[in-house]
Amino acid sequence: MQYTFALRTIYPYLGTLWQAALVTLYLSLLGIAISLVIGAGVAVMRRSRSMPVRFLGAAYVEVMRNTPLLVILYIVYFALPQTGLRLSSFTAALIGLSLNSAGYMAEILRAGLIAIPHGQREAAASQGMSGLQAFRYIVFPQVIRIVYAPLGNQFIAVILASSLASVIAVEDVASWMQTIGSTSFRFFETFVVAAGVYLVLCQSVNLGRIAIGRALFKHLRSAR
Amino acid sequence: MTGPILEIDTLVKRFGSRTILDGLTMSVHPGEVVCFVGPSGTGKSTLLRCVNGLEDIQGGEIRFEGEKVEARSKRIVAVRKRIGMIFQQFNLYPHLTALENVVLAPVVVHGEARKEVEARARVLFEKVRLSHRIDAYPAQMSGGEQQRVAIARSLAANPHLLMFDEPTSALDPETVGDVLAVMRDLALEGRTMLVVTHEIRFAADVGTRMVFMDQGRIVEDRPPRDMLADPSTERAKRFLSSIQG
């Protein structure tokens with residue numbers, strides 16, 4: 001038997017694909033933003049002077065990096081309701097994705113913090129800057145520059161990982177692929193189109209990141 | 001004569017069980033250029049770092065302009081605002097241009113108007129002979145240029161005391177002279193300076209006092225020419241002859 005590859009067979013489903021792509025994009029961008037904030041907090045915890053705080057930060061990172069996102073999503077969506085906390089599938093997916101990604105974000109940001117030579121903080125202190133001023137004007141701008149490229153990897157990882165949200169009934173691109181594949185029986189075409197959509201989404205976010213980087217670090221060759 | 005700008009009384013600094021400064025006492029008057037010499041590891045740099053509270057101390061007392069220096073107190077900021085520090089490794093801020101490096105602290109720490117600070121900074125760049133490098137980033141400058149920017153940066157806050165921690169030790173030989181020339185100008189202006197250095201010629205020409213330190217103590221403290229001509233201790237004699245070749 002021969003399969004005739006024909007993209008036009010899925011034209012009727014493109015309207016729902018657009019909706020699905022927006023859900024994937026929305027979920028991913030929110031997940032990136034939230035996990036950056038949590039990750040920044042955890043990275044700072046891991047450099048705390050207090051041992052218990054450092055331990056908590058490290059424990060968070062290890063738990064999130066050593067458990068599958070799939071399991072985290074199941075816990076948030078299926079197990080939490082048993083304790084009375086009922087979440088929409090989108091909210092559950094966003095929480096699971098953010099918690100998971102924050103573990104990686106924390107490690108990227110921590111590497112950036114470690115990379116700033118101690119002399120920078122000393123120079124700032126010797127000029128009379130407070131810890132907060134040194135962070136705001138000296139440390140933070142340099143950390144951003146260092147972590148900018150590795151963060152880009154993690155942004156893409158979040159977009160791709162968001163496809164797992166389809167297993168808890170989020171109607172994203174992966175979910176569209178499964179639904180349309182099994183209603184139209186044009187599996188090959190839907191899979192290829194879904195792959196293309198993820199590719200375009202990832203590249204758009206990445207190019208956006210690079211463009212922002214160019215503007216932020218316009219004088220520096222290492223901006224990419 | 002006015003009173004001392006800096007008084008150090010039986011200062012003790014330890015790192016763990018190692019004693020770095022062992023009951024050191026000295027005072028510095030305005031206009032003095034004090035050059036610290038001695039073998040490495042004898043606490044010269046640590047002494048400077050204690051004076052502006054980058055290191056806490058385990059005993060004794062430091063008073064700067066009559067005010068007690070305490071590394072962990074909030075008052076330390078007021079002391080640091082009046083002391084300029086120049087580091088061996090320059091420690092310029094690599095994400096800022098030379099001009100921005102100089103302007104930042106007066107604006108954010110001292111709350112001055114950016115326009116006024118920039119005007120003052122341009123004069124400082126003339127003084128350190130780097131007017132043509134004002135928009136360069138540290139990575140685009142030689143070590144000697146970076147160190148001169150660092151000097152301009154420390155001058156921008158109108159400090160009452162300048163501290164140089166081995167300012168030429170990380171430099172290529174040919175750029176050392178440019179930095180020393182700038183430091184010489186500052187000394188001639190009558191600025192109060194503490195200089196940790198191995199440049200004995202500079203110390204002899206520019207210093208008003210030479211302090212020879214060994215094992216956390218002051219061994220000799222005399223006018224440079226006297227000390228170089230006739231070190232009164234065997235330890236200083238050996239050290240000075242070894243570094244003068």
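B:Ile151 touches B:Ile86, B:Val128, B:Phe164, B:Val179, B:Val182, B:Met183 and B:Leu186, leaving aside residues up to four places away in sequence; contact here means heavy atoms within 4.5 Å.

A word on the basis: this is a predicted model, where local features need pLDDT of at least 70, side-chain atom pairs count only at pLDDT 80 or more, and totals for chains, interfaces and linings use all residues. Residues are numbered from 1 along each chain as its sequence is written, chains are lettered from A and ligands numbered from 1 in the order in which they are written, and side-chain values use heavy atoms, with hydrogens and water left out.

B:Ile151 and B:Phe36 have the most contacts inside the largest nonpolar core, which has 90 residues. Such a core is a set of buried Ala, Val, Leu, Ile, Met, Phe, Trp, Tyr and Cys residues joined through side-chain atoms within 4.5 Å, with buried meaning under 20% relative accessible area (1.4 Å probe, protein chains only). A second, separate core of 49 residues includes A:Val42 and A:Cys202.

Now to the sheet of chain B: 4 strands form an open, antiparallel sheet in the order β2-β1-β4-β5. Strands are DSSP runs (E, at least two residues), as are helices (H or I, at least four), numbered from the N terminus; two strands pair if DSSP finds at least two bridges between them. Strands β1 and β4 of chain B pair over 5 bridges, and B:Val12 stands opposite B:Gly59 in β4(B).

| Strand of chain B | Residues |
|---|---|
| β1 | residues 6-15 |
| β2 | residues 18-28 |
| β4 | residues 59-64 |
| β5 | residues 67-68 |

Chain A, for its part, has 8 helices and 0 strands.

Definitions and conventions:
Buried means under 20% relative accessible area, exposed over 50%, partly exposed in between (1.4 Å probe, protein chains only).
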